[in-house]
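Hi everyone, thanks for coming. Please have the structure open on your screens, and we'll walk through it together.

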Amino acid sequence: MKGSGLGNVPTFKVAVHTTNGRGFTPEELAERCANKIIAISDDANPAIRAQAHAFRGELLKTLVFYIREAVKSDRTTVYNALTDAGQTELAKHIRRL
Amino acid sequence: MAFNGNFMCTSFKKELLYGAHDFDASSGDTFKIALYTNSATLNASTTAYANTNEVSGTNYSAGGQALNPVDPTSSGTTALLDFADETWSNATVTARGALIYNTTPNTTSISLTNPAVIVLDFGGDKTSTAGDFTVVFPTADASNAIIRIA
């Protein structure tokens with residue numbers, strides 16, 4: 001069984017990403033998402049590696065676009081929720097973010 | 001004291017043979033991840049969750065957060081398991097490592113309370129200040145996944 005490996009030699013590694021005074025940007029999240037979807041081996045055939053990098057680049061652009069769309073859409077939802085609650089100034093502030 | 005690497009807990013390996021852990025994404029057990037300071041002593045001998053030297057901070061609750069497992073799968077002759085990345089939002093916290101543990105094990109054949117699964121060493125203190133703290137799990141393949149049976 002692996003994971004920590006036989007004899008407790010680590011064969012996996014987690015990463016920790018943190019931010020200060022903000023959340024993650026769409027670009028940061030898209031990068032992580034792309035890494036989940038596609039992993040490119042350094043040992044792969046150069047032609048296949050180039051193709052994979054090109055695919056990853058296009059994937060990244062699509063992910064960034066739709067994450068931004070999701071953020072904008074959620075702000076619309078929050079704007080309306082705040083407006084309905086009578087917090088119009090706060091709602092305007094959210095919309096301007 | 002202090003973290004000295006990633007470990008799959010020895011007790012967890014034994015408990016697998018008792019059928020104590022179910023990683024099914026929809027109907028399986030509840031696995032949580034708790035964060036610890038570098039004063040914690042967590043290693044392969046860790047058998048269960050304890051709050052000694054667990055971190056504290058804004059938007060961090062003792063016991064940590066529930067993980068979302070991905071259904072076990074296989075690649076070639078290797079069975080593997082993944083978790084969705086876990087984020088503490090708008091948190092002010094500093095952690096050196098973590099423990100993944102099972103809060104709802106099957107105790108039909110073995111007596112257990114919050115049994116430990118895996119110890120994670122972040123390699124250094126990681127801090128978020130009024131921000132997001134995210135544990136990113138490795139690629140879910142036969143060479144890197146967090147839990148593999150080869």
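Between chain B and chain A, the rule finds three salt bridges across the interface. Do keep in mind that we are looking at a predicted model. One salt bridge to find on your screen joins the side chains of A:Lys36 and B:Asp85, with 3.2 Å from N to O.

Now let's look at the interface as a whole. The size of an interface is often given as the accessible area lost when the parts come together. Here, about 2400 Å² is buried between chain B and chain A, and carbon and sulfur atoms give 55% of that area. Which residues of chain B lose the most area to chain A? They are B:Asn6, B:Val136 and B:Arg148, which together account for 24% of what the chain B side buries. As for who takes part, chain B brings 36 residues to the contact and chain A brings 25 residues.

Next, let's turn to chain A and its helices. Helix α1 of chain A covers residues 26–37, and helix α2 of chain A covers residues 46–84. Their axes come within 9 Å and cross at roughly 135°, so α1(A) and α2(A) are oblique to each other. The crossing of these two helices, α1(A) and α2(A), is right-handed.

How do α2(A) and helix α3 of chain A, residues 88–96, cross? Their axes come within 8 Å, at an angle of roughly 170°. An angle over 145° counts as roughly antiparallel, and therefore that is how α2(A) and α3(A) lie to each other. Among the residues making this contact are A:Val78, A:Tyr79 and A:Leu82 of α2(A), along with A:Leu90, A:Ala91 and A:Ile94 of α3(A). The contact of α2(A) with α3(A) has six nonpolar, two polar and three charged residues.

Key. Residues are numbered from 1 along each chain as its sequence is written. Chains are lettered from A and ligands numbered from 1 in the order in which they are written. This is a predicted model: local features need pLDDT of at least 70, side-chain atom pairs count only at pLDDT 80 or more; totals for chains, interfaces and linings use all residues. Side-chain values use heavy atoms; hydrogens and water are left out. Axes are lines fitted to C-alpha atoms, for helices over the stretch in contact, and angles run from 0 to 180 degrees between N-to-C directions. Helices (H or I, at least four residues) and strands (E, at least two) are DSSP runs, numbered from the N terminus. Angles under 35 degrees count as roughly parallel, over 145 as roughly antiparallel, 65 to 115 as roughly perpendicular and the rest as oblique. A crossing is left-handed if the near helix is turned anticlockwise from the far one by less than a right angle, and right-handed if clockwise. Contact means heavy atoms within 4.5 Å. Buried area is the accessible area (1.4 Å probe) that two parts lose on being put together, summed over both. A salt bridge is a side-chain nitrogen of Lys or Arg within 4 Å of a carboxyl oxygen of Asp or Glu. Ala, Val, Leu, Ile, Met, Phe, Trp, Tyr, Cys and Pro count as nonpolar, Asp, Glu, Lys and Arg as charged, and the others, Gly among them, as polar.
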